[in-house]
Amino acid sequence: MSDVFRGRIEGFPGIAVDYFTGACLNNTATFFLSHCHTDHMKGLSSSEFWVHLSGRPESRIYATRPTISFLVKRHNLGKLEPYLEVLEQGQAHSIPVGEGSITVHLLPAYHCPGSVMFHFTSSTYSVLYTGDFRMEDEEVFREEILPVLRSRPLDTLYLDTTFFTPDIHVFHEFPKKAQSEREAANFVFNQLDRDPDTRFHIDYLLGWENIFVAIATRLPTKIQVEQIHREYDELLEIRKHLTLDDSPVHISRTGEKCRLCTDTTLRLRPSVQWRYHDRLSGHPTKFITPKSGSKNYYHITHSIHSSYRELLRFVDLTKAHVVYPIATPTGMDNYGIMRLMRKYWRTSGVPQGSGVPGAAAPVTHPPDLLVRSQGLTGPKVEDTKDMITDEGNVSDESDDLPLVFVGSRKSPHLQEPTSPSAHISKSPGMQRETA
């Protein structure tokens with residue numbers, strides 16, 4: 001996540017999501033954490049935030065049980081326990097905010113253990129914050145998520161735009177996670193069949209667990225770790241595949257030095273970011289690809305974020321009226337993502353052959369999609385004259401959203417817009433910060 005989002009949710013003053021510093025500390029006692037990746041935890045471990053909580057004993061940080069477990073056991077934030085409160089996924093919860101209350105429904109995000117989307121509703125507003133998410137199965141989305149969202153029209157969508165990259169074709173489509181997991185397991189199995197002395201190391205990030213679970217199931221063997229991390233105490237389906245004993249496959253957290261690796265160890269890293277750097281190499285479509293210049297390092301094509309086309313379809317299905325990006329894609333700055341989002345939701349219809357399901361189907365959602373940002377400030381306004389007509393700049397600490405980018409939106413679009421019409425309006429004063 002980048003500073004294009006700073007924690008505030010339109011229509012819900014007094015709460016902050018995935019951001020625990022800056023103006024989010026002004027008159028805020030209600031915080032939400034979508035999952036336990038550090039780019040969504042800005043300020044959470046800071047002394048500034050601790051002082052803020054200490055001065056407001058009514059403060060609460062809401063998250064799922066696994067996320068709270070990771071906070072305490074993985075990030076050593078046990079001192080926050082008096083302020084941590086578990087919310088169960090799949091249920092609607094009434095949360096006190098100030099002198100009133102809001103309703104929040106936790107929906108599966110399919111990103112990592114404990115990750116959720118937050119659906120906030122009040123008497124006047126309906127907002128979905130996706131956090132990081134992967135929508136790879138539209139049928140599951142229709143069954144588990146859409147009924148909740150369709151209980152009332154969705155006013156605003158805060159969207160994980162990590163791979164909103166129309167010009168980077170290798171991010172347009174990703175294999176399903178189960179496919180990647182199966183290919184990784186088969187790769188390890190076949191290598192060991194040829195040479196039983198082969199040893200494998202898998203880089204580990206929260207959200208990649210199913211890769212080594214698939215390998216452990218396929219061999220079958222347990223996965224060696226240097227220590228059984230306490231964070232898995234509540235994730236027994238994962239923990240049962242780990243061992244301290246010798247095994248041909250071992251894991252360590254990404255960025256940690258692995259003491260079990262040797263010069264002949266084959267290293268596997270799940271990711272799709274490598275596709276961007278190797279997109280001219282001639283093998284961007286393979287599941288398992290050797291890293292350029294290395295004979296012992298392999299990329300596993302695996303994503304826990306939605307692809308570009310999955311994002312287009314998601315927005316189309318949610319029928320939101322306003323969209324905020326919450327991440328800045330590869331090779332782009334905050335202004336770049338705003339330009340793209342404005343451009344690709346200006347015209348009606350999805351072109352034939354786009355690969356988006358239902359491309360030719362009529363749509364019924366609102367005629368205007370507003371694209372807004374919390375994180376755009378003054379220095380680059382000169383670079384955005386095509387988008388911005390406003391008299392002045394807005395500082396980071398202002399309670400006003402910087403600007404609203406408005407376009408005619410009838411469906412996601414994959415090519416140059418054909419309608420030149422667009423108008424710009426100043427946003428209503430709403431409290432907001434980014435992450």
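**Helix contact and pockets**

I begin with α5 and α6, where Ser 180, Glu 181, Ala 184, Ala 185, Asn 186, Val 188 and Phe 189 of α5 meet Asn 210, Ile 211, Ala 214, Ile 215 and Arg 218 of α6. Contact here means heavy atoms within 4.5 Å; helices (H or I, at least four residues) and strands (E, at least two) are DSSP runs, numbered from the N terminus. The residues of this contact divide into seven nonpolar, three polar and two charged. In that scheme Ala, Val, Leu, Ile, Met, Phe, Trp, Tyr, Cys and Pro count as nonpolar, Asp, Glu, Lys and Arg as charged, and the others, Gly among them, as polar.

This is a predicted model: local features need pLDDT of at least 70 and side-chain atom pairs count only at pLDDT 80 or more, while totals for chains, interfaces and linings use all residues. Residues are numbered from 1 along each chain as its sequence is written, and side-chain values use heavy atoms, with hydrogens and water left out.

How do the two helices cross? The axes of α5 and α6 come within 8 Å and cross at roughly 45°; axes are lines fitted to C-alpha atoms, for helices over the stretch in contact, with angles from 0 to 180 degrees between N-to-C directions. The two helices are therefore oblique to each other, the class left after under 35 degrees (roughly parallel), over 145 (roughly antiparallel) and 65 to 115 (roughly perpendicular).

I turn to the pockets. A pocket is an open set of points on a 1 Å grid over the protein atoms alone, where a 1.4 Å probe fits, with protein on both sides within 12 Å along at least five of seven lines; lining residues have an atom within 4 Å of a point. The largest pocket has a volume of about 560 Å³, volume being the space filled by probe spheres set on the points. Its lining has 29 residues, with His 37, Leu 205, Trp 208, Ile 304 and His 305 nearest the centre. Strand β14 (residues 266-271) gives the most to that lining, with three residues.

The second largest pocket holds about 390 Å³. Of its 22 lining residues, Tyr 110, His 111, Cys 112, Pro 113 and Asn 210 lie nearest the centre. Here α5 gives the most, with three residues.

Finally, the backbone. A cis peptide bond joins Leu 219 and Pro 220, with omega about -15°; Pro 220 lies in the loop between α6 and β11. Asn 27, a residue other than glycine, has a positive phi near 55°.
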